[in-house]
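Me: Could you walk me through how some of the labels for this structure are reached? I would like to see each value set against its definition.

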There are 2 protein chains.
Amino acid sequence: MSQDVCKIVDCTIRDGGLVNNWDFSVDFVRDLYRNLNAAGVEYMEIGYKNSPKLLKGADSGPWRFLDEKFLKEVIPQKLETKLSALVDIGRVDENDILPREESLLDLIRVACYIKDVDKGLELVRKFNSMGYETSLNIMALSHVLEHELTEAFRDIANSPVDVVYVVDSYGSMDNKDIGYLTEKFRSLLPNKLIGIHMHNNMQLAFSNTLVGVSKGAAFLDASVYGMGRAAGNCPTELLVSYLKNTRYELRPVLDVIQNHMLAIREKWEWGYIIPYMVSGVLNEHPRVAMALRDSDARDEFVEFYDKLTSPETTLQSAKGD
Amino acid sequence: MSQDVCKIVDCTIRDGGLVNNWDFSVDFVRDLYRNLNAAGVEYMEIGYKNSPKLLKGADSGPWRFLDEKFLKEVIPQKLETKLSALVDIGRVDENDILPREESLLDLIRVACYIKDVDKGLELVRKFNSMGYETSLNIMALSHVLEHELTEAFRDIANSPVDVVYVVDSYGSMDNKDIGYLTEKFRSLLPNKLIGIHMHNNMQLAFSNTLVGVSKGAAFLDASVYGMGRAAGNCPTELLVSYLKNTRYELRPVLDVIQNHMLAIREKWEWGYIIPYMVSGVLNEHPRVAMALRDSDARDEFVEFYDKLTSPETTLQSAKGD
């Protein structure tokens, strides 16, 4: 039986930080790193490498604005699992990035919308020249017209980026969509690896990731217990259980869930929650649903649905309501 | 765009009753029926039609041992949504079943293991002769060898049964398994409709059901908010959102979730819970995981995993431990 040769990028700290404002203890992050390493997970995304000078967030945990000195205290001894960080266009100060040989990071991932692919590739070139592995994560693909994508691919193909991601930001895509996009990415970018980053609004994050695998995707984003913004991500525990690769072990991931994630989930919410399901079905950003969950009307699903599907709501939104 | 022509069988009361011992109020069941009808759901499985004489369960709610007189009080006025009941081999007293013209039920479904297909078909013939639509739900398919299935199909093809179900009792099957089985069922039973009944242990119930649809399955089991034994079922709200059929409406299902299911879920648990995930991954009946969740060790996931994957546990189980 052939082994699956893909690599898992665990995003618990980075994407999960969007849920709890990066309020993870150093002990937890250390324990997660140890356990992901024991589970055979290839990469751990330990946070954002955005600049606190370019972004409000003084009250955020340290994983939002990773600092190399701090990182070396957290992870005094690198194990086999590589470390990754995400940056956003316009929010990263390139002077914050050390050359790779002085850094704990191995992979820097650049997230951008389709209109900013040129800016994304500029950063990719910079980080690549400093010795890092790089990826380009094109967000909100469900809102991108195909000719825009085809145009962007010309520049991407000629760039030094290692991995290009299919990102289902709104959790609105199904197996057919992901199969189609993964094949398209592979055929138009034959010299790049393809990554998959799914959201679980319609309980499709895991199965969509498996479709990506079957179409040749090589980098699979996941997070432990699915922790991630709104409906969350593909659960790491399902990937390590399912993929045919002798390096993966479920037990250490269960350890993290039992000893940490259950308590974190008591305090913070993510996952299959009806307003997120509705925004996924409607192919919309989850921000309106997140605002609902933060309000007294958190369980007023019918009213929420009526609002999102009424033409008048769109008019009011356009007026800034 | 072509419409999906399948029919949804909502099993909230029947399969959900396995969670709460059928403790549903008459008002709730009435409200569910009204809303499923408004949502365009074609069938509502309102319980089991097993006999209290053949099965312990004096403390169960009335939906476990459906009585026609009681049913007529609950649903004084049939709407478009048809009613269905499930029976188990050896637990149904045929004398309890009225001729269809005197009954509120339209469809009687017979659940059996592969070794009891002949007994299942005997019941099917009986109910068919009384005027009912019938289905045969072969459970635990992931433990059935293919030649057993092929042999059983000869008898099934020659029986009057309308629908034959692919049942993933242990929530252990993936998209490829369901695609394969649905195609096999269709090719060997060309004169029967094929049904799909999935469990959500690996968050694959919805996506597996969609694979069934793409392979021509016509009857889709689901339950509101996924309520069903252990990891639960394919959520009805996802099917009515997703399927391309103008009769389906999401709003009435959201109404049921908001006004009933949230409170029921507070009191009773089902869904993506780690011990159920583990039993799905290991292709085992969830009963050991259900016992764990009923014990003080409910969150001891690592110990549970060690037990289930240790060879000694199997020996102890064999000795009746």
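Predicted model: local features only at pLDDT ≥ 70, side-chain atom pairs only at ≥ 80, totals over all residues.

Me: Why is α4(B) called roughly parallel to α5(B)?

Reply: The axes of α4 (residues 117–129) and α5 (residues 146–157) of chain B come within 10 Å and cross at roughly 15°. That makes α4(B) roughly parallel to α5(B), since angles under 35 degrees count as roughly parallel, over 145 as roughly antiparallel, 65 to 115 as roughly perpendicular and the rest as oblique. Angles run from 0 to 180 degrees between N-to-C directions, with axes fitted to C-alpha atoms.

Me: Which residues of α4(B) and α5(B) meet?

Reply: Val117(B), Asp118(B) and Leu121(B) in α4(B) meet Ala152(B), Asp155(B) and Ile156(B) in α5(B); being in contact takes C-beta atoms, placed from the backbone, within 7 Å. By class, this contact has four nonpolar, no polar and two charged residues.

Me: What makes β2(B) mostly covered?

Reply: Strand β2 (residues 43–48) of chain B has six of its six residues buried. A residue is buried if 20 or more other C-beta atoms lie within 10 Å of its own, exposed if 12 or fewer, and partly exposed in between.

Me: How do you know that β2(B) pairs with β3(B)?

Reply: Two strands pair if DSSP finds at least two bridges between them. Five bridges join β2(B) to β3 (residues 82–88) of chain B, and the two run parallel; Gly47(B) stands opposite Ala85(B) there.

Me: Now the two chains: why are α12(A) and α9(B) called roughly antiparallel?

Reply: The axes of α12(A) and α9 (residues 251–267) of chain B come within 8 Å and cross at roughly 150°. α12(A) and α9(B) are therefore roughly antiparallel to each other. Phe301(A), Val302(A) and Tyr305(A) meet residues of α9(B), including Arg251(B) and Leu254(B).

Me: How many residues does each chain give to the contact?

Reply: Chain A gives 26 residues and chain B gives 26. On the side of chain A, the largest share, six residues, comes from α9(A).

Methods:
Residues numbered from 1 in each chain as written. Chains lettered and ligands numbered in written order. Helix = DSSP H or I, 4+ residues; strand = E, 2+ residues; numbered from the N terminus. Contact = placed C-beta atoms within 7 Å. Nonpolar A, V, L, I, M, F, W, Y, C, P; charged D, E, K, R; others polar.
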